[in-house]
Amino acid sequence: MTADGYLARAVGLLQRIRDEQGENICRAAALMTDAIARGGAVYVFGSGHSVIPAMDIFPRYGSFVGFRPLLDPRLMWFNVLGPGGVRELLWLERTEGYARVFLDSYPLTARDVMLVYSHGGLNAAPLEVALEAKARGLAVVAVTSLSNARTAKPTHSSGKRLADVADVVIDNCCPPEDALVTVDGVPEPLAAGSTVAAVAIGMALVAEVGKQLAARGHHLDVFVSPNVSGVGPEHNLAVFAAYERFLRRLAAEGS
């Protein structure tokens, strides 16, 4: 059964990440813990489908203030064809020069960390976000396919791939083609795996950073599901207020 085959491959993928990338996840988490503890932020970026783990990391039930997703509607899709469609998105994320303009809206400083998701690791948008973050003194963590990085030639004028720029690289352990299963009579592989991998890595980082911050006595403003017993509606309102203060502090200290 192909559905069962995909799920088996997905389970194997997560096991590989646990076995092979646990040390890198902990290294990345240590950088993020230091950033949040000193009043900085963990900025999170992805374009195209890699915006999904960036959106998922906060606000998400079980996550906390300290992560700041960088979400540009021009680097997402809201349509298949036409305005907000995939063709326009693909063109823009491969066009050099845009990422620097985009990042000018954010008060990035050397106290912060930049987490960049990109399965392929070749497109201009994620690569230039990483390059610009490095130029501004941030540590950079990349979640990408090292299998793809080893086989694909750089397409950016810098001659670099995302994995070449990052201080810590977390391999999503996916094949270059991303899709995980084959079906008789269909030449192309089906059913992508990188989103499963990226979201799982993101939540592993949330868990590890939360543990390390708590060990330092750092208060966590945790976004909680209203289905949790004893949690009232005022809880998440307080989290949003804490996030607003967090953004104001970043802006004030980054100006």
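**Salt bridges, a buried histidine and a hairpin**

Lys211 forms a salt bridge with Glu208, with 3.3 Å between the closest N and O atoms; a salt bridge here is a side-chain nitrogen of Lys or Arg within 4 Å of a carboxyl oxygen of Asp or Glu. The model is a predicted one, in which local features need pLDDT of at least 70 and side-chain atom pairs count only at pLDDT 80 or more, while totals for chains, interfaces and linings use all residues. Residues are numbered from 1 along each chain as its sequence is written, and side-chain values use heavy atoms, with hydrogens and water left out.

Lys211 and Glu208 are 3 residues apart in helix H8, so about one helical turn separates them. Helices (H or I, at least four residues) and strands (E, at least two) are DSSP runs, numbered from the N terminus.

By the salt-bridge rule, the count comes to 13. Side chains of opposite charge can pair when their charged atoms come close. Another salt bridge joins the side chains of Asp72 and Arg74, at 2.9 Å from N to O. Here Asp72 is buried at 3% relative accessible area, but Arg74 counts as exposed at 52%. Salt bridges can also link up into a network, as seen for Arg100, Asp104, Glu132 and Arg136.

Attention now turns to a histidine. His156 is placed in the loop between helix H6 (146-151) and helix H7 (162-165), and it is buried, with a relative accessible area of 9%. Its side chain makes a polar contact with the side chain of Glu128 at 2.7 Å and another with the side chain of Ser158 at 2.8 Å. A polar contact is a pair of N or O atoms within 3.5 Å; within protein, one must be able to donate a hydrogen and the other to accept it, and residues adjacent in sequence count only if both atoms are side-chain atoms. Leaving aside residues up to four places away in sequence, His156 touches Glu96, Ala124, Leu127, Glu128 and Leu131, where contact means heavy atoms within 4.5 Å.

Strand S6 (residues 179-183) and strand S7 (residues 186-192) run antiparallel and are joined by 3 bridges; two strands pair if DSSP finds at least two bridges between them. Within this pairing, Ala179 stands opposite Ala192 in S7. S6 and S7 form a hairpin with 2 residues between them, and Gly185 in the turn has a positive phi of about 90°.

Elsewhere, Val80 is found in the loop between strand S2 (67-70) and helix H3 (86-93). Val80 is exposed, with a relative accessible area of 58%.

Methods
Buried means under 20% relative accessible area, exposed over 50%, partly exposed in between (1.4 Å probe, protein chains only).
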